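Here is a briefing on one protein model. Keep the sequence and the 3D view open while reading.

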Amino acid sequence: MIIARSATELRDALKGKNGSIGFVPTMGALHIGHRSLIEAARGNNDTVVVSIFVNPTQFLPGEDLSKYPRREEADFKICELSGVDILFYPDVQAMYGEDEVRITAPDVRGYILEGVSRPGHFDGVLTVVMKLLNLVRPTRAYFGKKDAQQLALIAQMVENLFMDVEIVPMETVREKDGLALSSRNVYLSGEERTEALKLSAALKCSTNMVMQGTLEVTEIQKAMMDILAPLEVEYTAIVNRRFESLSRVLIGDTIVLVAARVGSTRLIDNVWM
Ligand code: AMP
């Protein structure tokens, strides 16, 4: 595995590679969710590139940028064992200069849900993803449905800016008890981890209701809130794949989302139906 720490090193590493390139951008602290993306990339491409970069421009002031988990040695090992060909591991200076051009998220879709709680977050996400896609020039790039709004906005950027890459959405990987894997789960105490299960339980409830024929969004959201109740809920939402609000679930074109704080940790989760 080649470790590239700058744009030049990455371009040099890519020079000898022929065929398709599968790319998995991450912020590190790799878990089985990340590994499922890497395995999909490995299974469908000649070359696999993973990036690990805790992107400062997507964190708002007061968020967890400085304490975001960093696990260099373990991450390198996971990448190596997963058959990654090139690990791109830049520092902030290798990725950003001063007074740069930036990508901005669309006015509506970028400023609802996550965009309300974290205004400007998606500008940072889209900017860094654009930089990474331009550097790696992958055939396919893999993103988790866990970050559903991020995935939708990246797919929109690729479409709007006529970028030549296939965006591959990947299922959310969960612990046996339902908790969606997240690098931020390490912040949870034992007690908080139990509380955090309310997010997946609320989503499971929404799925059960729909399976039993309840399609009214207000009814489903009320039942979800009953389950989430003691948590500080930032939002529950039921939208279509374009992130437009729905009054009734449309099977095959619906995403149910939740964001809540468990202690000081902010967690998100969703289910696609
Ligand atoms: P992150 O390192 O959190 O920025 O995530 C890197 C990529 O992994 C993103 O495309 C995420 O959506 C994806 N991802 C994070 N958690 C999971 C999970 N539990 N299952 C599947 N993909 C995930």
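**Six-strand sheet**

Helix H2 (residues 32–44) lies across S2, S3, S5 and S6, and its direction makes about 155° with that of S5. The model is predicted. The points below cover two sheets, two buried arginines, aromatic pairs and charges over rings.

- The sheet under H2 takes in S2, S3, S5 and S6; its six strands follow the order S1-S4-S3-S2-S5-S6. This sheet is open, and its pairing is parallel.
- Strand S1 (2–4) and strand S6 (166–170) are the edge strands, and each pairs on one side only.
- From one strand to the next, the twist averages 25°.
- Strand S2 (residues 21–26) and strand S5 (residues 140–144) run parallel and are joined by two bridges.
- Gly22 has Arg140 in S5 as its bridge partner.

**Three-strand sheet**

- S7, S8 and S9 form an open sheet in the order S7-S8-S9, with antiparallel pairing.
- Strand S7 (232–239) and S9 stand at the edges with a single partner strand each, so one side of each has no neighbour in the sheet.
- The twist here averages 10° from one strand to the next.
- S7 runs antiparallel to strand S8 (residues 255–262), and seven bridges join them.
- Two of the facing positions can be named: Ala237 stands opposite Leu257 in S8, and Val239 has Ile255 in S8 as its bridge partner.
- S8 and S9 pair over eight bridges, in the antiparallel sense.
- Two residues lie between the strands in the hairpin of S8 and S9. Gly263 in that hairpin takes a positive phi near 60°.
- How many of the eight residues of S8 are buried? Seven are, and the strand is mostly covered.

**Two buried arginines**

- Arg118 lies in the loop between helix H5 (114–117) and helix H6 (121–136).
- Is Arg118 buried or exposed? Its relative accessibility is 8%, so Arg118 counts as buried, the cut-off being under 20%.
- Beyond its neighbours within four places in sequence, Arg118 is in contact with Gln58, Leu60, Glu63, Arg184 and Arg266.
- Arg266 is found in strand S9 (residues 265–272), where it stands opposite Arg261.
- Arg266 has a relative accessibility of 15%, so this residue also counts as buried.
- Not counting residues up to four places away in sequence, Arg266 touches Glu114, Ser117, Arg118, Arg184, Glu234, Tyr235, Ala259, Ala260 and Arg261.
- Arg184 is in contact with Arg118 and with Arg266.

**Aromatic pairs**

- The structure holds three aromatic pairs.
- One of them is Phe53 with Tyr96, a tilted pair. The centres are 6.3 Å apart, with 35° between the planes.
- This pair links distant parts of the chain, 43 residues apart. Phe53 is in the loop between strand S3 (47–52) and helix H3 (72–81). Tyr96 is in the loop between helix H4 (92–95) and H5.
- Phe53 is buried, at a relative accessible area of 5%. Tyr96 is buried too, at 16%.
- Why does the pair of Phe59 and Tyr68 count as edge-to-face? The planes stand at 80°, and over 60 degrees counts as edge-to-face. The ring centres are 5.8 Å apart.
- Phe59 and Tyr68 are both buried.

**Charges over rings**

- Lys67 has its charged end over the ring of Tyr187, 4.3 Å from the ring centre.
- Lys145 lies over the face of Trp272, at 4.7 Å from the ring centre.

Conventions. Residues are numbered from 1 along each chain as its sequence is written. This is a predicted model: local features need pLDDT of at least 70, side-chain atom pairs count only at pLDDT 80 or more; totals for chains, interfaces and linings use all residues. Side-chain values use heavy atoms; hydrogens and water are left out. Helices (H or I, at least four residues) and strands (E, at least two) are DSSP runs, numbered from the N terminus. Buried means under 20% relative accessible area, exposed over 50%, partly exposed in between (1.4 Å probe, protein chains only). Contact means heavy atoms within 4.5 Å. Two strands pair if DSSP finds at least two bridges between them. Axes are lines fitted to C-alpha atoms, for helices over the stretch in contact, and angles run from 0 to 180 degrees between N-to-C directions. Rings of Phe, Tyr and Trp (its six-membered ring) pair if their centres lie within 6.5 Å; planes under 30 degrees apart count as stacked, over 60 as edge-to-face and the rest as tilted. A charge sits over a ring if NZ of Lys or CZ of Arg is within 6 Å of the ring centre and within 35 degrees of the ring normal.
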